[in-house]
Amino acid sequence: MTRKQLVVGGLICLLGAMIAVSHGTDPRAMQSEKRPNIIVILADDAGYGDISSYGAKALTTPNIDRLAREGLRFRDGHAAAATCTPSRYALLTGEYAFRKSGTGVLPGDAAMVVDTNRLTLPAMLRQAGYVTGVVGKWHLGLGGAGGPDWNGRIEPSPNDLGFDHSFIMAATGDRVPTVYVENRRVVGLDPADPIRVDYRAPIGDWPTGMARPDLLRMHPSHGHDMTIVNGISRIGYMTGGRAALWKDEDMADVFTREAVSFIEKQRGRPFFLYFATHDPHVPRVPHPRFVGKTKMGPRGDVLVEMDWSVGEIMRALDRLDLTRETLVVFSSDNGPVVDDGYRDDAVEKLGAHRPAGPWRGGKYSNFEAGTRVPFIVRWPARIRPGVSDALVSQVDLLASFAALTGQQLPQAAAPDSVDLLPALLGKSATGRAELVEQAGALSLREGQWKYIEPGKGPKMSVPTNTELGNDPAGQLYRLDRDPGETLNLVAGEAARATRMQSRLEQIRRQGRSR
Ligand code: NG6
Ligand code: CA
């Protein structure tokens, strides 16, 4: 570049800044109008009713409540599915997970389920100039066919899906191997003590919960009786990797520290952080400083711990003076569950607390609590605080953030993601006209109508005590008049039910709904 070009360039910049100032905005603000930092905080199994700004009385979540107070609190916000893997698949790809086989709840040694050539949420934002990171729960598989090489280079990993940086646990806290993976490697692994994992048969000589319940500090209520790590028996068998094993009580601290450090490292370029907390998923093991913070035992205490993690992110933004120009989403990957396989006092100490709020069912369920979750969007520079009843889903974040950053999605990308930017920013009170909710069966929402297709599964999950909402005949509910889904209107509204069933079939057949 010549000196003259530099001077002309400088003059143009100066002119731009002068125009911006004369319009009452500084250039930095103008730039961040289109490219705010974006943080998606996704809790694991937190219910609509678990947050005090959504009505919880038995515990308080002051940090999440601050997000709600300073942002837009959605009352009809949804995870894309009622369990983790399909929900996160849809969040990251903008494709309903029912279209992709193999997206049920994955074992801890599963291969990556997302095609690496798909446009993902982080890849799309990276194209817009963002630095992208994921910290926390992954649960979308790692490695190629045959699963990850725990003792070598793990590929594909989130780093092959558009994340510049990843610090994750592969699956869930209750699944082996109980180690963190940073970028493509297990953190702290001693090569002399290789990790071996098997989900079909015992491997190595570590005790199991089944054989040695006397060694447990937390006992399973159902399942979870295989290899014992850190006094807790898990799903799956493992041995080795002693130096790399996580301590459950430190997990929230570790993930939060990684998330804050990712934020602190970014300078100049906008960043996207997908922060997926493990709380309040099982096994619920709060750090000692949170033990007894609620009267609800570990489930209540890890909810408070989760709120603390959210607060640490917010304090980092405040400290770095990034609050105004950062768009923060807080939501949960699926609805709540009380007994999810460990005897952790959650049932005994629940009291009057209703994790699902006014909604029926919970995690795993076709009923509304399966996917209707807390959903808050805060962006002080652009969003006026309030409450919204727009129908929105996490599957829509991809198309909405593409619109925000001025990007056109290719026709084949994100086939079920709808640009809901006006609703997410509170410029419009209307969100989606229709939404597919996925659990054991599919449901279709159209406004306040909800049609649940015929489901073959059981009505109840006995171990978790969840009403699954399966019925061999279709069900139709009117949520504004009957939020508890108690009155099946199929008989009186047969034509509507038939039409909604055919619409569901059409959405399935067409392979896209955008
Ligand atoms: C179930 C587990 C449950 C939980 C769930 C996945 C048993 C008996 N239950 O199979 O504890 O891990 O899978 O949860 O093993 S999710 O939030 O990741 O979808
Ligand atoms: Ca979950």
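Where is the place of Asp45? I looked there first. Asp45 sits in the loop between β1 and α3. I kept in mind that this is a predicted model.

**Entry: Asp45 and its backbone**

I checked the backbone angle of Asp45. Its phi is near 75°, a positive value in a residue that is not glycine. Most residues other than glycine have a negative phi. Asp45 has a relative accessible area of 1%. The cut-off for buried is under 20%, so Asp45 counts as buried.

I looked at the geometry next.

Are Asp44 and Asn334 buried or exposed? Asp44 is buried, at 0% relative accessibility. Asn334 is buried too, at 0%.

**Entry: ligand 1**

I turned to ligand 1. How many residues are around ligand 1? I found 19. Those that come nearest are Cys84, Asp174, Arg175, Asp340 and Lys363. By class, the shell holds 5 nonpolar, 7 polar and 7 charged residues.

I went through side chains with polar atoms close to an oxygen of ligand 1. For Lys363, a polar side-chain atom lies 2.7 Å from an oxygen atom of the ligand. For His224, the distance from a side-chain N or O atom to a ligand oxygen is 3.0 Å. For Asp44, the corresponding distance is 3.4 Å. The protein covers 85% of the 450 Å² of accessible area that ligand 1 has on its own.

**Entry: His224**

Where is His224 found? It is in the loop between β8 (196–198) and β9 (228–229). His224 counts as buried, at 6% relative accessibility.

What does the side chain of His224 reach within the protein? A polar contact of 2.7 Å joins it to the side chain of Asp174. It also reaches the backbone oxygen of Gly341 at 3.2 Å. Asp174 was already in my notes, as one of the residues that come nearest to ligand 1.

**Entry: other backbone notes**

I looked up another positive phi, that of Glu485. Its value is near 50°. Glu485 is in the loop between β22 (475–478) and α10 (494–510). Glu485 is buried, with a relative accessible area of 0%.

Then I checked peptide bonds. Most peptide bonds are trans. The bond from Glu155 to Pro156 is cis, with omega near 0°. Pro156 lies in the loop between β4 (131–137) and β5 (165–169). Val282 and Pro283 are also joined by a cis peptide bond, with omega about -5°. Pro283 is in the loop between β12 (271–276) and α7 (298–319).

Key
Residues are numbered from 1 along each chain as its sequence is written. Chains are lettered from A and ligands numbered from 1 in the order in which they are written. This is a predicted model: local features need pLDDT of at least 70, side-chain atom pairs count only at pLDDT 80 or more; totals for chains, interfaces and linings use all residues. Side-chain values use heavy atoms; hydrogens and water are left out. Buried means under 20% relative accessible area, exposed over 50%, partly exposed in between (1.4 Å probe, protein chains only). A residue is near a molecule or strand if one of its heavy atoms lies within 4 Å of it. A polar contact is a pair of N or O atoms within 3.5 Å; within protein, one must be able to donate a hydrogen and the other to accept it, and residues adjacent in sequence count only if both atoms are side-chain atoms. Accessible areas come from the Shrake-Rupley method with a 1.4 Å probe; for residues, only the protein chains shown count as cover. Ala, Val, Leu, Ile, Met, Phe, Trp, Tyr, Cys and Pro count as nonpolar, Asp, Glu, Lys and Arg as charged, and the others, Gly among them, as polar. Helices (H or I, at least four residues) and strands (E, at least two) are DSSP runs, numbered from the N terminus.
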